[in-house]
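My entries follow in the order in which I made them.

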Amino acid sequence: MVKQQNSLCYAAAFLAFAWVAAVNLQAKETAKSPSPPETAGLTKHIAKWETDIQKLESLDKSEGSVTDGILFYGSSSIRLWKSIESDMSPWVTLKRGYGGAKLPDAIHYANRILGPRLGQDNPNRCKAIVVFIANDISGKKDEQDPEPAEVVRRFQSLHQFVRS
């Protein structure tokens with residue numbers, strides 16, 4: 001039991017401070033809206049990103065057709081990464097970062113941001129998705145951090161959405 005708890009703590013710490021996941025999307029058939037029970041009570045936090053999410057949605061229209069690109073999704077670390085195109089060359093990159101993203105809002109907005117780039121028959125399908133979100137566990141006394149196991153569960157929810 002202690003070993004399992006330690007494993008969950010290490011996994012959550014990894015997710016919270018330096019979490020990058022690349023997901024092969026070969027098996028993705030259709031974009032489905034995730035069922036995010038973990039967003040209950042977080043409506044205000046999630047709703048504050050609506051304007052940013054609308055801007056990210058408009059990028060799909062302005063960037064046009066991109067085949068086999070790598071979509072970077074997450075917090076301001078993605079948004080502020082100015083050299084992503086040259087750093088990731090020769091791969092085509094799509095930046096979808098916003099403010100202080102947390103896993104509940106990333107899950108909530110996944111269908112709108114990731115959905116248009118998923119699906120095996122989609123001509124704009126991404127080759128991979130890289131996610132970086134480091135705001136779920138802040139360690140601040142004035143914020144109630146989720147338990148490490150909850151952070152892992154949230155990640156699994158996002159992963160399941162991408163892979164379903």
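I began with strand E4, residues 128-132, and noted that it is mostly covered, five of its five residues being buried; buried here means under 20% relative accessible area, exposed means over 50%, and partly exposed lies in between (1.4 Å probe, protein chains only). Helices (H or I, at least four residues) and strands (E, at least two) are DSSP runs, numbered from the N terminus. I wrote down that this is a predicted model, in which local features need pLDDT of at least 70 and side-chain atom pairs count only at pLDDT 80 or more, while totals for chains, interfaces and linings use all residues. Residues are numbered from 1 along each chain as its sequence is written, and side-chain values use heavy atoms, with hydrogens and water left out.

I then checked which way the side chains of E4 point: Ala128, Val130 and Phe132 go one way and Ile129 and Val131 the other, and all are buried. Looking for a partner strand, I found that E2 (residues 70-74) runs parallel to E4 and is joined to it by five bridges, where pairing requires that DSSP finds at least two bridges between two strands. One entry in that pairing is leucine 71, whose bridge partner in E4 is isoleucine 129.

Next I turned to the backbone. I found a cis peptide bond between serine 89 and proline 90, with omega about 20°, and I placed proline 90 in the loop between helix H5 (84-87) and strand E3 (93-97).

For the charged pairs, I counted salt bridges as a side-chain nitrogen of Lys or Arg within 4 Å of a carboxyl oxygen of Asp or Glu, and the structure holds nine of them. Aspartate 60 forms one with arginine 117, with the closest N and O atoms 2.9 Å apart. Aspartate 60 lies in helix H3 and arginine 117 in the loop between helix H7 (110-113) and E4, so this pair ties together parts that are 57 residues apart in sequence. Both aspartate 60 and arginine 117 are buried, and for aspartate 60 I recorded a relative accessibility of 16%.

What else does aspartate 60 contact, leaving aside its neighbours within four places in sequence? I listed Arg96, Pro116 and Arg117, taking contact as heavy atoms within 4.5 Å. The side chains of aspartate 60 and arginine 96 are joined by a polar contact of 2.8 Å, that is, a pair of N or O atoms within 3.5 Å, of which, within protein, one must be able to donate a hydrogen and the other to accept it, residues adjacent in sequence counting only if both atoms are side-chain atoms. I also noted a network of salt bridges that links Asp60, Glu63, Arg96 and Arg117.

Glutamate 150 and arginine 154 are separated by about one helical turn because they are four residues apart in helix H8. I recorded glutamate 150 as partly exposed at 22% relative accessible area, whereas arginine 154 counts as buried at 10%.
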